[in-house]
Amino acid sequence: QVQLVESGGGLVQAGGSLRLSCAASGRTFSTYAVGWFRRAPGKEREFVARMWRNGLTYYTDSVKGRFTISRDNAKNTVYLQMNSLKPEDTAVYYCAADLKGLGVNWDYWGQGTQVTVSS
């Protein structure tokens, strides 16, 4: 069983920055693929970013150059640095873990943290 707990959400003006954190339980965190997703009001959940266990990353087009996913395996934590935020980034953000490390089948999810970007 893996538990994921997000934090760091909040209200920010357009153009501002936030850093989300996701603390994970589990002794083999370094072998997981980790990802961030979001769900905007009235929309389906969408992929934002993923990091494989080898450190490679991938982003959805709308956040490339603005968001950065990173991880600290010593702290069992994954981060999402969000810069140049836009009102359309407003959503509940979720972290997820793929225990097989492939970044395809997400086994565990956090409870989500709200990000609101005002114009």
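Me: Let's start with Arg-38. Is Arg-38 buried or exposed?
Reply: Arg-38 has a relative accessible area of 4%, so Arg-38 is buried. Buried here means under 20% relative accessible area, exposed means over 50%, and partly exposed is in between, using a 1.4 Å probe and protein chains only. Keep in mind that this is a predicted model, where local features need pLDDT of at least 70, side-chain atom pairs count only at pLDDT 80 or more, and totals for chains, interfaces and linings use all residues. Residues are numbered from 1 along each chain as its sequence is written, and side-chain values use heavy atoms, with hydrogens and water left out.

Me: OK, and what does Asp-89 do with Arg-38?
Reply: Their side chains form a salt bridge, 3.0 Å from N to O. The pair connects distant parts of the chain, since Arg-38 sits in strand β4 (residues 33-39) and Asp-89 in the loop between β8 and β9 (91-98), 51 residues apart. Asp-89 is buried, and Arg-38 is too. For the terms, a salt bridge is a side-chain nitrogen of Lys or Arg within 4 Å of a carboxyl oxygen of Asp or Glu. Strands are DSSP runs of E with at least two residues, numbered from the N terminus.

Me: Which other salt bridge does Arg-38 form with Glu-46, I mean how far apart are the atoms?
Reply: The closest N and O atoms of Glu-46 and Arg-38 are 2.6 Å apart. Glu-46 has 34% relative accessibility, so Glu-46 counts as partly exposed.

Me: How many salt bridges turn up in the whole structure?
Reply: Four. One of them joins the side chains of Asp-61 and Lys-64, at 3.0 Å from N to O. Asp-61 counts as exposed because its relative accessibility is 61%, while Lys-64 is partly exposed at 45%. Elsewhere, salt bridges with shared partners tie Arg-38, Glu-46, Arg-66 and Asp-89 into one network.

Me: Why would side chains pair up like that at all?
Reply: Side chains of opposite charge can pair when their charged atoms come close.

Me: Which residues line the largest pocket?
Reply: Among them are Arg-38, Glu-46, Arg-66 and Asp-89, and the lining also includes Lys-43, Glu-44, Ser-62 and Thr-90. By class, the lining has eight charged, two polar and two nonpolar residues. In that scheme Asp, Glu, Lys and Arg are charged, Ala, Val, Leu, Ile, Met, Phe, Trp, Tyr, Cys and Pro are nonpolar, and the others, Gly among them, are polar.

Me: What about disulfides, how many are there?
Reply: One. Cys-22 and Cys-95 form the disulfide, with sulfur atoms 1.9 Å apart, and the cut-off is a pair of cysteine sulfur atoms within 2.5 Å. Cys-22 lies in strand β3 (residues 18-24) and Cys-95 in strand β9, so the pair ties together parts 73 residues apart in sequence. The link is right-handed, with 50° about the S-S bond. Both Cys-22 and Cys-95 are buried.

Me: Next, β7 and β8. In what sense do they pair?
Reply: Antiparallel, over six bridges between β7 and strand β8 (residues 77-82). Two strands count as paired if DSSP finds at least two bridges between them. Phe-67 has Met-82 in β8 as its bridge partner.

Me: Which residues make up the two faces of β7?
Reply: In strand β7 (residues 67-72), Phe-67, Ile-69 and Arg-71 make up the covered face, and Thr-68, Ser-70 and Asp-72 the uncovered one.

Me: And what is the phi of Asn-76?
Reply: Asn-76 has a positive phi of about 55°, although it is not a glycine. Asn-76 is in the loop between β7 and β8, and counts as buried because its relative accessibility is 18%. Ser-84 also has a positive phi, near 50°, and lies in the loop between β8 and β9.

Note on methods. On a 1 Å grid over the protein atoms alone, a cavity is a set of points where a 1.4 Å probe fits but cannot get out, and a pocket is an open set with protein on both sides within 12 Å along at least five of seven lines; lining residues have an atom within 4 Å of a point. Helices (H or I, at least four residues) and strands (E, at least two) are DSSP runs, numbered from the N terminus.
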